[in-house]
Amino acid sequence: MTETTFSSAAPRSESAGAVAGIWAWLMRHPPAFTLILIVAVSLVVGAINTDFWQVSNLFDILRASVVRGLFALGVLVVLASGGIDVSFTAIAAFVMYAVTMLVVNVVPDMPIVAILALGAVGGACFGGLNGVLVHALKAPSLIVTIGTQYVIRSFLLTFVGTALFMNVPAAMDAFGKLALFTHHSANGSTSTLPAFVLILAVASFVTWWILERTLIGRAVYAVGGNAGVAERLGYNLRTVRIFVFAYAGLLAGIAGIIHVSSNRLANPFDLAGAELEIIAAVVLGGARITGGSGSVIGTLLGVVLITLVSNVLILVGIPSTWQLVIVGIFIILAGAIFSIRGRQS
Amino acid sequence: MPDFRKLAACTVALSTIWGAAAATAEEKPSIVTVVKVTGENWFTRMAEGVAAYGNDNDTVATSQIGPGKADAAQQARLIEDLVAKKVSAIAVVPMDASSLEGVLKRAAQRGIKVVTHEADSMKNTLVDIEAFENKAFGARFNEKIAECMGKSGKWTSFVGSLGSLTHVQWADGGAENAKKYPEMELVSEKNESFNDANRAYEKAREILRKYPDIKGFQGGSAIDVIGIGRAVEEAGLQDKTCVFGIGLPKDTGSYLESGAVDGISFWDPKDAGYVMNKVADMVIKGEEIKDGMDLGVPGYEKVSVKKGAGDGIIVVGEAWVDVDKSNYGKYPF
């Protein structure tokens, strides 16, 4: 009797152990959750409409992920340091519009590398200002960046310009059209993977390297974990804060230039209101909103997830009136899964 | 502390300047035009008409304001401010008509004359001015699309947002007209672009993927055709698709040249701005607007007047302009 009980109990505890093991592994690797969600969404959408499995769809999702991805990497670094930034879309809008106007009116044949550098420097200056303000005023970074967002946007619309700018510089136009791959589908239409996806790849690597392999990266996580303790350990809070916001600004500046290049027009009203979607992507990628954690790979997966969901609704056949509802519900559901994970670990 | 005092001093100085500016503007009746969003070329052109009416008539002061982004709540807040300042008349181009009913009612209660444009369902307005019958305008687009695509095949429509009544009416007017042609099939209608060319582009790409044989696109917001045009151009489908919609010649020019956009229609926002201010001025003076009247502006020489949704009236002109590759250069905006 005892023997049979024993033998039947053993495999059960073994399988339970396996489940617990997988669960524990998932705890330690939050991006895996994001990946599972991406696969699940793809399978469901692909089952509803087989047109999902097309090269052009992959290209479009990658293309739409670039600007979001650059923003998200900046947000990741700020979040990891325990802060939050909502001014990056305003910085990007300002930089993209001002740089486009400057290049067209002053140096029309500036090469794209110089334009990108100009955007990066401009963005970093605005971001650095955010960092200085957050540190000097000792105010919550949410409040400070809401403030700078309004100031930057109003300044742009009041003093720089408000009109749609159709004649983007030739270098930007060419950069936006530059293709890494061109795919010709059976029905004669073509789709291209733009070369600017490489910028996101480079930015991701640099961000990973900074966070994982440098002293300042260590300082960012330390400050995000507990600023008081980090300060007593000898980390300079001022340097860390200025660095994270300047870095977020730098990426936002580059993102702005790419937005204009791919859109072939500069509209100072673009990008407004995208902040929350980006922050949602970073959090869905496993970063904690309270700081001290988050990874580059998770963030990229979070961005792909958000882009995926907003790029398949027509394909699935959801009427226009319901699309925002679906995106909202999805964010809540995905967020809930992460919150369960947070409570158990 | 000294920092705080400096800040306070700045605030006081700023508000003094603001107050002085407001005081000088109060002397003659003031008409303020509130547009959907500041800075789009469309409303920049409208501002020219608003300024022109002020220059032609020195008995009134005219000005134009609008929110920094196309947002109904921000527009409502701007109007709240105008009600508090008690201007003589407000001319509004609503982002979302129903969300402004409350604040415009309060304006009327304070004796402010309210006129609107592109909002024929609005209750709290004395006069709503329409450049043309909206359903007829939508039907015009559809007629062009139908002709271009040989009266058969799939087509779709875009709107700036589902809250933009005129855009929805154009889309519906188009759909109504397409019923004449049983072989035309409307798919995934009223896609929202949120007045962002990039969103319009992404949605157009997705539609092209789901319906690779789609032939017709009807744009709603003035920059929809730009985004759709880019998607069509990149897919190399210029010759296989028909893209028509509202747009401005200068913004859409390059896509008209490449054939990605086949034709655009618009009404001159400068004339609309001028007419709104003219009508507001007439209302302030207590003059009546009669059926068949000539308002002295092209397209509004013989307006028709009908009863509005509330106690007010709707004035309808025939002020549309159609352009294509051959003649867009004639319009410098």
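Predicted model: local features only at pLDDT ≥ 70, side-chain atom pairs only at ≥ 80, totals over all residues.
**Entry 1: where the chains meet**

I began with the contact between the two chains, to which chain A brings 32 residues and chain B brings 33 residues. On the chain A side, the elements that give two or more residues are helix 3 (55-80), helix 6 (141-160), strand 2 (190-194), helix 14 (313-316) and helix 15 (320-344). Helix 3 of chain A gives the most to that side, with 4 residues. I also sorted the chain A side by class and noted 11 nonpolar, 16 polar and 5 charged residues.

**Entry 2: helix 11 of chain A and what follows**

Next I looked up helix 11 of chain A, residues 237-263. How far apart are its end C-alpha atoms? They are 39 Å apart, and this agrees with the 39 Å that its 27 residues should span at 1.5 Å a residue. Of those 27 residues, 24 are buried, so the helix is largely enclosed by the rest of the structure.

Leu271(A) is not a glycine, yet its phi is positive, at about 75 degrees. Is Leu271(A) buried or exposed? I count it as buried, because 25 other C-beta atoms lie within 10 Å and the cut-off for buried is 20 or more.

**Entry 3: the largest nonpolar core**

I then turned to the largest nonpolar core, which has 191 residues. The residues with the most contacts inside this core are Val75(A), Leu251(A), Ile90(B) and Val115(B). Which element gives the most to this core? Helix 11 of chain A does, with 16 residues. From chain B, the core draws at least three residues from each of domain 1 and domain 2. A reminder to myself: nonpolar side chains tend to be buried together in soluble globular proteins.

I followed up Val115(B) by listing its contacts beyond four places in sequence; among them are Ala89(B), Ala91(B), Val127(B), Ile129(B), Met276(B), Val279(B) and Val283(B).

**Entry 4: the domains of chain B**

Where they touch, 13 residues of domain 1 are in contact with 11 residues of domain 2. The domain 1 side divides into 6 nonpolar, 2 polar and 5 charged residues.

Strand 13 (residues 313-316) of chain B runs parallel to strand 5 (residues 127-130), joined by 4 bridges. Val127(B), listed above as a contact of Val115(B), has Ile313(B) as its bridge partner in strand 13. Strand 13 also pairs with strand 12 (residues 304-307) of chain B, in the antiparallel sense and over 4 bridges. There I found Ser304(B) opposite Val316(B). Strands 12 and 13 form a hairpin with 5 residues between them.

Which residues of helix 9 (residues 249-258) of chain B are buried? My list is Asp251(B), Thr252(B), Gly253(B), Tyr255(B) and Leu256(B). These buried residues pack against helix 2 (41-56), helix 8 (224-234) and strand 11 (263-266) of chain B. Just after helix 9, Gly259(B) takes a positive phi of about 85 degrees.

Helix 10 of chain B covers residues 269-285, and its end C-alpha atoms are 24 Å apart, in agreement with the 24 Å that its 17 residues should span at 1.5 Å a residue. I noted that 13 of the 17 are buried, so helix 10 is largely enclosed by the rest of the structure. Gly286(B) follows helix 10, with a positive phi near 80 degrees.

**Entry 5: two loop residues of chain B**

I looked up Met95(B) in the loop between strand 3 (89-92) and helix 4 (97-109) of chain B. Met95(B) is buried, because 29 other C-beta atoms lie within 10 Å. Beyond four places in sequence, Met95(B) touches Lys36(B), Ala70(B), Asp71(B), Ala72(B) and Gln75(B). Ala73(B) is 22 residues from Met95(B) in sequence and 9.1 Å away in space, C-alpha to C-alpha.

My last stop was Lys151(B), in the loop between helix 5 (134-148) and strand 6 (153-159) of chain B. Lys151(B) is not a glycine but has a positive phi of about 60 degrees. With 14 other C-beta atoms within 10 Å, I put Lys151(B) down as partly exposed.

Methods: Residues numbered from 1 in each chain as written. Chains lettered and ligands numbered in written order. Contact = placed C-beta atoms within 7 Å. Nonpolar A, V, L, I, M, F, W, Y, C, P; charged D, E, K, R; others polar. Buried ≥ 20, exposed ≤ 12 C-beta atoms within 10 Å, placed from the backbone. Expected span 1.5 Å × (residues − 1). Pairing = 2+ DSSP bridges. Core = buried A, V, L, I, M, F, W, Y, C linked by C-beta atoms within 7 Å. Domains from an automatic or database assignment.
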